[in-house]
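Visitor: Can you walk me through this one? I'd like to start with the strands.

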Amino acid sequence: MARTRQWDPIQKHYGDTDISARILTRLRRAGYDLDKLSRKDTATFDEFHGGGRASTLALAAFASVDPGMRVLDLGSGIGGPARTLAAERGCRVTGLELTAEFVRAGKMLTERLGMAATVDFVQASATDIPFKAETFDIVWSQNMLMNVRDKEQLFREAFRVTKPGGVFALETVVAGSGEGLHFPTFWAADPSMNFLASARELRELATAVGFTEASFEDTTDAVIANGRRRLQAAKAEDRVELDLSVIVTTAVAEKMENSVCNNIEGKTRAVQALFQRLA
Ligand SMILES: C[S@@+](CC[C@H](N)C(=O)[O-])C[C@H]1O[C@@H](n2cnc3c(N)ncnc32)[C@H](O)[C@@H]1O
């Protein structure tokens with residue numbers, strides 16, 4: 001990927017350490033045999049969005065992801081959602097991810113889980129997608145839009161690579177009412193990295209580039225419940241070593257706490273949406 005300085009703070013925010021080594025150390029410490037890993041062993045840390053694996057499955061059902069489809073996951077992180085889609089819906093997934101460390105970790109886990117034939121990764125920005133027009137049945141993205149300033153360009157690119165008849169399936173945090181977001185959040189250490197849009201802005205952008213809105217749902221309550229479960233688990237005496245602290249190396253407790261508070265106080269909302277490309 002061509003080096004673009006505007007993305008440096010985001011890559012540093014997510015991947016300023018050797019994530020692959022960290023993952024393997026934690027899995028080993030938790031007692032797993034690294035040569036016999038299963039997707040269950042990585043589920044508590046490889047789905048890096050508010051609702052975890054359950055919300056990936058809900059969005060997949062919602063979007064009718066079916067066997068044989070080609071899916072592009074924008075901002076794929078370390079590939080948990082991509083592997084869930086391939087394993088549970090029988091599709092072929094390409095994860096597109098900006099942060100080099102996450103791409104490396106995604107490839108490493110996918111190989112160890114024996115899924116390299118159905119899941120692959122490319123390092124790129126979702127605002128400049130290195131694929132031909134009309135390549136994918138489903139363009140997919142979970143909790144990545146908050147890092148992208150030029151969302152119009154992102155929606156334009158998503159539309160370009162979606163086949164006619166295909167959909168853009170989206171999960172994201174959106175701006176709620178009220179000022180004074182609590183930082184750090186999982187996507188931004190401070191306001192300079194935070195590009196939250198309102199639900200209305202997203203819906204307008206999607207239709208402006210040519211998509212037709214098929215559905216738009218508020219999932220904040222489910223995300224708050226999952227956030228509370230994660231917080232409780234993190235505070236427990238016999239605390240799990242395999243929580244989000246495997247891949248989030250700084251201020252993880254604060255970020256968990258702030259995510260729940262921002263949602264409860266209405267400063268942020270969580271949404272899942274489907275936008276169709278009719279022609
Ligand atoms: C909160 S994580 C979500 C990861 C993944 N979607 C998941 O749910 O497990 C946000 C991800 O978006 C990536 N990202 C941020 N801006 C991006 C961009 N312009 N293009 C591609 N990926 C981006 C980050 O590197 C990070 O991996």
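Visitor: Which residue stands opposite Q272 in β7?

Guide: E217 does. This is a predicted model, where local features need pLDDT of at least 70, side-chain atom pairs count only at pLDDT 80 or more, and totals for chains, interfaces and linings use all residues. Residues are numbered from 1 along each chain as its sequence is written.

Visitor: In which sense do β6 and β7 pair?

Guide: Antiparallel, over 6 bridges. Pairing takes at least two DSSP bridges between two strands. Strands are DSSP runs of E, at least two residues; helices are runs of H or I, at least four; both are numbered from the N terminus.

Visitor: And the strand order of the sheet?

Guide: β3-β2-β1-β4-β5-β7-β6, an open sheet of 7 strands with mixed pairing. β3 (119-123) and β6 (212-218) each have a single partner strand, so one side of each lacks a neighbour in the sheet.

Visitor: Which strands does α5 lie across?

Guide: β1 (70-74), β2, β3 and β4 (136-142). α5 runs at about 170° to β2. Angles go from 0 to 180 degrees between N-to-C directions, with axes fitted to C-alpha atoms, for helices over the stretch in contact. Contact means C-beta atoms, placed from the backbone, within 7 Å.

Visitor: Switching to the ligand. How many residues surround it?

Guide: 26, with F48, G75, G77, L98 and T99 the closest. A residue is near if its C-beta, placed from the backbone, lies within 6 Å.

Visitor: Which elements supply at least two shell residues each?

Guide: α1 (8-15), α5 (80-89) and β2 (92-97).

Conventions. Contact = placed C-beta atoms within 7 Å.
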